[in-house]
Amino acid sequence: MMAAMLRSLRSSTTSSRFLRRPYSSESHPERKVTVLGAAGGIGQPLSLLMKLNPLVSRLALYDIAGTPGVAADVSHVNTRSEVAGYAGEEQLAQALEGSDLVIIPAGVPRKPGMTRDDLFNINAGIVKSLSIAIAKYCPNALVNMISNPVNSTVPIAAEVFKKAGTYDEKKLFGVTTLDVVRAKTFYAGKANVPIEGLIVPVVGGHAGITILPLFSQASPQANLSDEQIIALTKRTQDGGTEVVEAKAGKGSATLSMAYAGAIFADACLKGLNGVPDVIECSYVQSTVTELPFFASKVRLGKNGVEEVLELGNLTDFEKQGLASLLPELKASIEKGIKFANQS
Ligand code: NAD
Ligand code: LMR
């Protein structure tokens, strides 16, 4: 069963190529990756997947508690990186110092009946304080924000970094990869196309109707009806809620999110290492629409964002989706900015 699971992981997407050779001994530059919230539902499997990534040389696992155990456990995996656990605020500086990439899955998850925005009151404060520490201890690191509501937590981090004088718009990313992972899975199932190598861009944001899959740009294309595209769009937008309801009060997506987070972190590391043509969707500072932050395809490079790609041609249905999502996304961005600037 384990062998079958590994085979399926290895064949699921081209961008998960790093999972194919977890024990690679190729030489890569030294890269420190820090996971903030490493003892949580996402943090633990994400830490394991980052331990499997040969591009990582040092893995720092931070949480308010529980990280010594997670770090001891993960550290026994026989791959390249050295693992260290850090618990409590007094160890946050050490966890961050020298980091090239900080991944943030810290914060509370949804329960059935909640929206991602219902998490704002707790998670905004967590993200703000972690961002203050990043600005202080590793101001040049790339930051992958997973904590919800991503539509607001990314603007919060940006404001904190601006205040600290360390903001570099090329280095801050909202992780929307799970939307792409879902869109690919649902599309492949419906369209009966191979999932390996499948491309489906997902743009906008990361909550409800702000998640806009562009199935018209899926490659390979399949001849699906308008009704099928509408249903696939809705399922992608409601993917998080599907998991929250199935978990019935025990949290939200953790395993698929760890997988998606590991894919996005791997893309960032490849970009830093100068691998050409690394493209993933992400929620970043953007001029693609009138909003200051927007998710679209992004080319990753040695400094983080190399290029934010335009949306391309949209169908009337996708244009409608874009028009409907802008007011909600705008409000979430403004909410984050306002919160960050309160004393
Ligand atoms: P969880 O409760 O299982 O884990 C969260 C972890 O964060 C806990 O270990 C907790 O101790 C830690 N934490 C809390 N405050 C902290 C702080 N100040 N510093 C460091 N760590 C702190 O939750 P989870 O299921 O892992 O989800 C985490 C977050 O990720 C939630 O906000 C969830 O909504 C979000 N999420 C985002 C996506 C996405 O696509 N971007 C997908 C799934 C979940
Ligand atoms: C997801 O898309 O699974 C996450 O944003 C978690 C959630 O609350 O749905």
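A polar side-chain atom of Arg 182 sits 2.8 Å from an oxygen atom of ligand 2. That is where I will start, and please keep in mind that this is a predicted model.

For His 206, the distance from a polar side-chain atom to an oxygen atom of ligand 2 is 2.5 Å. How much of ligand 2 does the protein bury? Taken alone, the ligand exposes 260 Å², and the protein buries 95% of that.

The residues around ligand 2 include those three, Arg 116, Arg 182 and His 206. Arg 110, Asn 148, Leu 178, Gly 240, Ser 252 and Ala 253 are also around the ligand.

The largest pocket has a volume of about 830 Å³. It is lined by 41 residues, and the closest to its centre are Pro 105, Ala 106, Gly 107, Val 108 and Ser 147.

Which elements give two or more residues to that lining? H5 gives the most, with eight residues.

By residue type, the lining of the largest pocket has 22 nonpolar, 13 polar and six charged residues. Both domains take part: at least three lining residues come from domain 1, which covers 26–174, and at least three from domain 2, which covers 177–340.

Technical notes
Residues numbered from 1 in each chain as written. Chains lettered and ligands numbered in written order. Predicted model: local features only at pLDDT ≥ 70, side-chain atom pairs only at ≥ 80, totals over all residues. Heavy atoms only, no water. 1 Å grid on protein atoms, 1.4 Å probe; cavity = no way out; pocket = protein on both sides within 12 Å on 5 of 7 lines; lining within 4 Å. Points joined across faces, edges and corners; volume = space filled by probe spheres on them. Helix = DSSP H or I, 4+ residues; strand = E, 2+ residues; numbered from the N terminus. Nonpolar A, V, L, I, M, F, W, Y, C, P; charged D, E, K, R; others polar. Domains from an automatic or database assignment. Near = heavy atom within 4 Å. Polar contact = N/O pair within 3.5 Å; in protein donor to acceptor, adjacent residues only side chain to side chain. Areas by Shrake-Rupley, 256 points an atom, 1.4 Å probe, with all protein chains shown as cover.
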